[in-house]
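Biologist: I have not looked at this one before. Could you walk me through it?

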Amino acid sequence: MKRYELIAPCHFGLEAVLKKEIYDLGYDVTQVEDGKVTFAGDQEAICRANIFLRTAERVLVKAGQFHAETFEELFQGIREIPWEEYIPKDGKFWVAKASSIKSKLFSPSDIQSITKKAMVERLRQKYHMNWFEESGAQYPLRLFLKKDEVIVGIDASGDSLHKRGYRTLSSIAPVTETLAAALIMLTPWKRGRILVDPFCGCGTFPIEAAMMAANIAPGINRSFTAEKWTNLVGHNLWYEGAEEANDLVEKDIVTDIQGYDIDGEVVKAARENAKRAGVEHIIHFQQRPISQLRHPKKYGFLIGNPPYGERMGEKDMLSVLYTEIGEAMGRLDSWSAYLLTAYEDAEKCIGRKADKNRKVYNGMLKTYFYQFQGPKPPKRNQQQDRRGI
C-alpha cells in the first residue's frame with residue numbers, strides 16, 4: 001500500500017494525548033507541533049484513524065509543504081504538487097480553510113483563490129481538459145501557513161471528528177466530544193473506578209467515558225469524506241475498519257459512571273444523547289445540585305466543566321458555586337477531582353491548590369484543567385480489573 005503523511009489537528013495543549021493515541025493505534029508519529037500531530041500511514045490508516053481516534057479534530061492527507069512569502073511563490077508551490085495523484089477528473093476541490101500565523105501572506109480569501117487557480121492549471125495540463133465539472137467525490141483542502149511555511153492537507157474527515165453523531169441535543173456551553181475525551185485521558189481513571197460529572201450538561205463527559213469503558217470507537221456511527229475517495233481508498237478498507245470497531249465493542253461491561261446537573265431539562269437531553277451513543281444502560285443521570293453531592297464509595301473521580309462566567313449572567317454567583325465545589329470535594333476526601341474552568345479564583349474559592357494545572361484552549365477561550373489528586377486505592381487483582389469491578 002502507498003504510504004502517506006497524515007496530519008491530525010487537535011486542541012492546543014493536548015498534543016501529547018493524541019500522540020499516545022496514534023502510537024496505540026500502531027502508527028509512527030513523525031512530528032508534533034502546536035495543535036497538530038503528523039504521522040505515517042497507508043490507506044488503511046486513513047480509515048482507522050478516522051474511526052478510532054478520540055482526540056483528533058480531523059484527519060488530513062498531507063499533499064505538500066513549501067516556503068512562500070509572495071502570492072507568486074504560493075501559486076508555484078501549489079502547482080508543483082502532483083494533484084493528479086489525489087484528485088480524479090471529476091473530483092470537486094476547494095480550499096475549505098486557510099489559516100496564517102506570523103506569515104507575510106495572511107488574507108484567507110486570497111490564499112484560497114490563488115490555491116484554486118494553481119490547482120486548476122496543474123490538473124488542466126495533466127488531464128488535458130479546459131473545464132472541470134467537479135461532479136464527483138469531494139476533496140476539501142486545508143492550508144496552514146506559519147512563518148511563511150505552507151502545509152497543504154486534503155481533508156479525509158469532512159465534518160469535524162468531534163461530531164460523533166450522538167449529540168443532537170446540547171446545553172448552553174458544552175465541551176466538545178474530542179476535548180472531553182482528551183481530558184478524561186489525562187486522568188488515571190479506568191472503567192473499574194466510579195466517575196461522576198456534577199455539571200454534566202448534555203452528558204459529554206459521562207458519554208465519552210462510557211464509550212471508552214465499552215470500547216466503542218468514536219467514529220463507529222458516522223461517515224467520512226474519504227469514503228468516496230475510491231481512487232485512493234478501497235471500500236473494503238472502510239468495511240474492515242467498521243468490522244474491527246464492531247468486534248471490539250464490549251456490551252456487558254460493569255462500570256459506575258454518573259452525570260448530575262441542576263437543570264432537569266438538560267439531564268433529559270443527556271439521557272437522549274447517551275441513548276443515541278448506545279451507552280444509556282451504563283450511565284446514571286440525575287437532577288442534583290453540587291451542594292447535594294455525596295457518595296458512599298471511596299477513591300472515585302469527579303470530572304467536569306463548571307460554569308466560569310462565560311455562560312452565567314451573574315458572575316458574583318461564581319464564588320458561591322466554587323465554594324460549594326470545595327465543600328463537595330471535602331465530603332469526598334478520598335476522591336480525585338478534575339475541573340476545566342476559566343474562573344481565576346477557582347482554587348481560592350475551592351480552598352485548595354491544585355496538584356497540577358494545565359492550560360487548555362476550549363475553542364478560542366483559554367481555560368485551565370485543575371487536577372486535584374486524591375489518595376491511591378489499594379491494589380486490585382487482575383481478575384477484578386478484567387471484570388470491570
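Modeller: What follows goes through the sheet, then the salt bridges, then a single aspartate.

Modeller: This is a predicted model, in which local features need pLDDT of at least 70 and side-chain atom pairs count only at pLDDT 80 or more, while totals for chains, interfaces and linings use all residues. Residues are numbered from 1 along each chain as its sequence is written, and side-chain values use heavy atoms, with hydrogens and water left out.

Biologist: Okay, what is the strand order in the open sheet of seven strands?

Modeller: The order is E10-E9-E8-E11-E12-E14-E13, with mixed pairing; strands (E, at least two residues) and helices (H or I, at least four) are DSSP runs numbered from the N terminus, and two strands pair if DSSP finds at least two bridges between them. Strand E10 (283-287) and E13 stand at the edges with a single partner strand each, so one side of each has no neighbour in the sheet. From one strand to the next, the twist averages 20°.

Biologist: And which strands run parallel or antiparallel?

Modeller: Strand E8 (residues 195-197) and strand E11 (residues 301-304) run parallel and are joined by two bridges, with Val196 facing Leu302 of E11 as its bridge partner. Strand E12 (residues 336-341) pairs with strand E14 (residues 365-372) in the antiparallel sense over five bridges, and strand E13 (residues 356-362) is joined to E14, also antiparallel, by seven bridges. In the hairpin of E13 and E14, two residues lie between the strands, and Gly363 takes a positive phi near 70°.

Biologist: Which helix packs on the sheet and touches E11, E12, E13 and E14?

Modeller: That is helix H5 (residues 177-185), which touches those strands (contact means heavy atoms within 4.5 Å) and whose direction makes about 170° with that of E13. Helix H8, in turn, lies across E9 and E10 and runs at about 165° to E10. For these angles, axes are lines fitted to C-alpha atoms, for helices over the stretch in contact, and the values run from 0 to 180 degrees between N-to-C directions.

Biologist: Switching topic, how many salt bridges are there?

Modeller: The count comes to 17, where a salt bridge is a side-chain nitrogen of Lys or Arg within 4 Å of a carboxyl oxygen of Asp or Glu. One of them joins Lys20 and Asp24 at 2.8 Å, N to O, and both residues lie in helix H1 (residues 15-25), four residues apart, about one turn of the helix.

Biologist: Are Lys20 and Asp24 buried or exposed?

Modeller: Lys20 counts as exposed at 52% relative accessibility, and Asp24 does too at 57%; buried means under 20% relative accessible area, exposed over 50% and partly exposed in between, with a 1.4 Å probe and protein chains only.

Biologist: What about Arg58 and Asp155?

Modeller: Their side chains meet in a salt bridge of 2.5 Å, N to O. Arg58 lies in the loop between helix H2 (43-52) and strand E4 (60-67) and Asp155 in strand E7 (residues 149-155), so the pair ties together parts that are 97 residues apart in sequence.

Biologist: Last one, where is Asp256 found?

Modeller: Asp256 is in the loop between helix H7 (235-248) and strand E9 (257-261), and Asp256 is buried, with a relative accessible area of 18%. The side chain of Asp256 makes a polar contact with the side chain of Gln258 at 2.9 Å; a polar contact is a pair of N or O atoms within 3.5 Å, where within protein one must be able to donate a hydrogen and the other to accept it, and residues adjacent in sequence count only if both atoms are side-chain atoms.
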